[in-house]
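Hi everyone, thanks for making time this morning. Let's have the model up on the screen, and I'll walk you through how some of its pieces pack together.

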Amino acid sequence: NFSVKFEAYLFSTMMNRLLYPFAILSLPLAASSFSAPDAQLARGRLHEALSSPSGKMTLSPEMVIPEPSDPTALLLQATAVTGLSEKIRTKAKANAAWIQGSTDALKNFCKEQENARGNFPGPVPVVFCPSEGCTSEQLEEFAQAGASGVLITVCNGDELSAIDDIKSDESFITQMKNALDVGIQPVPEIVLSDATAASFGEDDVAALVETITGVLGSEPVSVLFTINPGSEEQEVSLPKVNKALGKKVPILGSVRVAAGEARMGTETARLKDAGFTGAVLRSDCVPGFRMNPDLEVVGRFWSACIGDLKSLKSKNFSFRAKNSLEKNIPLEWAKYQKDILDSGALGDPEDNASIMMNSANGDYKGF
């Protein structure tokens, strides 16, 4: 009997060792080491990052991470995304990172941030910006990848004509609720025409937030306003925000002006004067961002840019924005990268050493 039991024990032990790796591989994603954050934990981190008790504007860049075209590029991109994440955390010292790209890119970015927990500077929360509406399964993937928030646009990105339109937008309401169910914070984006934004006072903004709260069942962690300009030449009109409301629910504004000649700084200051809590610096600000940019250059650009916008020092450096970037070809982007690197403008953001400017060649001072 002992011999039979012993042989059975050996067989059982051997089978356990053989099958254990397959059991690990078959575990559900939620059981992995990088699981979805608790909804309240995600809310706390994101709300703290986007709030501004001191009254200073919070600054968060939006980064478009291109989809690799082949397996080799995919391997190289993982390293590039990790480097970008580190720069946004340690050099730019952004309040949050807004990411547009694949779920794999999001996962790599969030992993670098999470690995920095307990260090200084610590991780910044990540908001994912999908290009279209999301299913519950996709929202869960974003949460599992490590995102604290997801951007959900009212009316599928069309301009909002009336606040009550929010109540009838079933797709928006469903996505907002589904996001909360899977442990990720929905950040509503409100797109307004210039004329509508000009007519929005403090009471209108408060009523809009109250309407979102009503359909969601709780206050949103934040609200982002994006204003479409009436023309390319004019500044966009801005809604007026009550500062007491902004302390409860951070009200953010999109900055979409091209970098150069202090345009970004001016637009950020206008948001602050209108009562906004912070600015999301959209990818439109980066010259040639649609040309499949090098993530190393993008990281250095945002490091210098946010360092400049947050700095109280005089702005005595410049960078180059070539007019030839209007030609939508990769070669022009490569030339731009070389020009901007050679200029030294994307070095240490605290190093404001003056360099020679040539206005005829497209050199502009400040961001």
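Let's start at F225, which is in contact (heavy atoms within 4.5 Å) with I190, L192, V205, L208, P239, I251, L252, G253, S254 and F276, leaving aside neighbours within four places in sequence. Before I go on: this is a predicted model, where local features need pLDDT of at least 70 and side-chain atom pairs count only at pLDDT 80 or more, while totals for chains, interfaces and linings use all residues. Residues are numbered from 1 along each chain as its sequence is written, and side-chain values use heavy atoms, with hydrogens and water left out.

F225 belongs, with L208 and W302, to the residues with the most contacts inside the largest nonpolar core, which has 74 residues. By nonpolar core I mean a set of buried Ala, Val, Leu, Ile, Met, Phe, Trp, Tyr and Cys residues joined through side-chain atoms within 4.5 Å. Buried is under 20% relative accessible area, exposed over 50%, and partly exposed in between, with a 1.4 Å probe and protein chains only. Helix α11, residues 295-310, gives this core its largest share, seven residues.

So what does α11 pack against? The axes of α3 and α11 come within 9 Å and cross at roughly 5 degrees; axes here are lines fitted to C-alpha atoms, for helices over the stretch in contact, and angles run from 0 to 180 degrees between N-to-C directions. The two helices, α3 and α11, are therefore roughly parallel, the word for angles under 35 degrees, with over 145 roughly antiparallel, 65 to 115 roughly perpendicular and the rest oblique. Helices are DSSP runs of H or I, at least four residues, and strands are runs of E, at least two, numbered from the N terminus.

Is Q77 buried or exposed? Q77 is buried, at a relative accessible area of 11%. Its side chain reaches the backbone oxygen of P66 at 2.4 Å.

Now over to α10, residues 263-273, whose buried residues are M264, E267, T268, R270 and L271. Looking down the axis of α10, these residues fall within an arc of 155 degrees, so they line one face of the helix; the arc is that of the directions from the helix axis to the C-beta atoms. That buried set packs against β1, β7, β8 and, once again, α11. After α10 comes G275, with a positive phi near 100 degrees.

Note on methods. Polar contact = N/O pair within 3.5 Å; in protein donor to acceptor, adjacent residues only side chain to side chain.
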